[in-house]
Amino acid sequence: ERKREIELELISREEEHSRAILAMQRVLADMTDQKDGKEEELRSEIGTLKAAQATAEAESQTRIDEYKKVMQELKHKLSKIELERDNLLSQAEKIHSNTFEDQFNSLKQEMKLSQAAKEVMERRLGEMDTQLRAASDENQKLKDELA
């Protein structure tokens with residue numbers, strides 16, 4: 001009878017161990033599924049971030065290229081204005097030496113207008129340069145954030 005009690009106790013313990021092992025296997029399977037889901041979610045998020053980074057870099061580069069093009073155009077216009085101003089100065093000197101006082105004053109006025117136009121263009125170039133630097137800084141920040 002004692003032997004029977006011990007056998008029943010052993011069977012009971014084996015069943016408990018089996019249930020415990022099954023419970024641990026279910027928990028492990030659930031944890032593995034959760035881990036796999038998180039990994040997939042992270043992969044998806046990384047893909048989304050990489051796509052956003054590429055888009056932001058492309059947009060930023062486009063803006064930088066546009067600013068550079070506009071700055072080149074403004075520099076070209078500024079060069080034309082400076083050349084025109086120099087021509088006007090030269091004409092003013094000739095007129096002054098010929099003592100055509102009225103023509104000299106007229107050309108002097110044109111020169112002042114040309115100088116004012118040059119100053120406006122220089123200001124615009126400065127503003128464009130500031131915008132270009134800001135866009136470049138923004139592009140660098142985006143690269144740094146996504147790195």
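These are my notebook entries on a predicted model of a protein chain.

**Entry 1: overall make-up**

I began with the secondary structure. I found two helices and zero strands in the protein chain. The radius of gyration came next: at 40 Å it is well over the 15 Å that the globule rule gives for 147 residues, so the chain is more spread out than a compact globule. I then looked up the box that the C-alpha atoms fill along the principal axes, and noted roughly 145 × 15 × 15 Å.

**Entry 2: surface and burial**

How much of the chain counts as buried? I wrote down 14% of the 147 residues. The accessible surface comes to about 11800 Å², and carbon and sulfur atoms hold 53% of that.

**Entry 3: charges**

I looked up the charged side chains and got 26 positive and 34 negative ones. The centres of these two sets lie 3 Å apart.

**Entry 4: contacts along the chain**

Here I kept to contacts with a separation of 6 or more, and found that residues 24 or more positions apart account for 80% of them.

**Entry 5: the nonpolar core**

Which residues make up the largest nonpolar core? My list has ten: Ile64, Met71, Leu74, Leu78, Ile81, Met121, Leu125, Met128, Leu132 and Ala135. Helix α1 (2-97) and helix α2 each supply at least two residues of this core. Leaving aside neighbours within four places in sequence, methionine 128 is in contact with Tyr67, Val70, Met71 and Leu74.

**Entry 6: asparagine 139**

Next I went to asparagine 139, which is found in helix α2. Buried or exposed? Asparagine 139 counts as buried, because its relative accessibility of 7% falls under the 20% cut-off. Not counting residues up to four places away in sequence, asparagine 139 touches Glu57, Ser60 and Ile64.

**Entry 7: leucine 107**

My last stop was leucine 107, whose place is in helix α2 (residues 101-146). Leucine 107 has a relative accessible area of 8%, so this residue is buried too by the 20% cut-off.

How values were computed: Residues are numbered from 1 along each chain as its sequence is written. This is a predicted model: local features need pLDDT of at least 70, side-chain atom pairs count only at pLDDT 80 or more; totals for chains, interfaces and linings use all residues. Side-chain values use heavy atoms; hydrogens and water are left out. Helices (H or I, at least four residues) and strands (E, at least two) are DSSP runs, numbered from the N terminus. Buried means under 20% relative accessible area, exposed over 50%, partly exposed in between (1.4 Å probe, protein chains only). A nonpolar core is a set of buried Ala, Val, Leu, Ile, Met, Phe, Trp, Tyr and Cys residues joined through side-chain atoms within 4.5 Å. Contact means heavy atoms within 4.5 Å. The radius of gyration is taken over C-alpha atoms; the globule rule is 2.2 Å times the number of residues to the power 0.38. Accessible areas come from the Shrake-Rupley method with a 1.4 Å probe; for residues, only the protein chains shown count as cover. Lys and Arg count as positive and Asp and Glu as negative; His and the chain ends are not counted. The place of a charge is taken as NZ of Lys, CZ of Arg, CG of Asp or CD of Glu.
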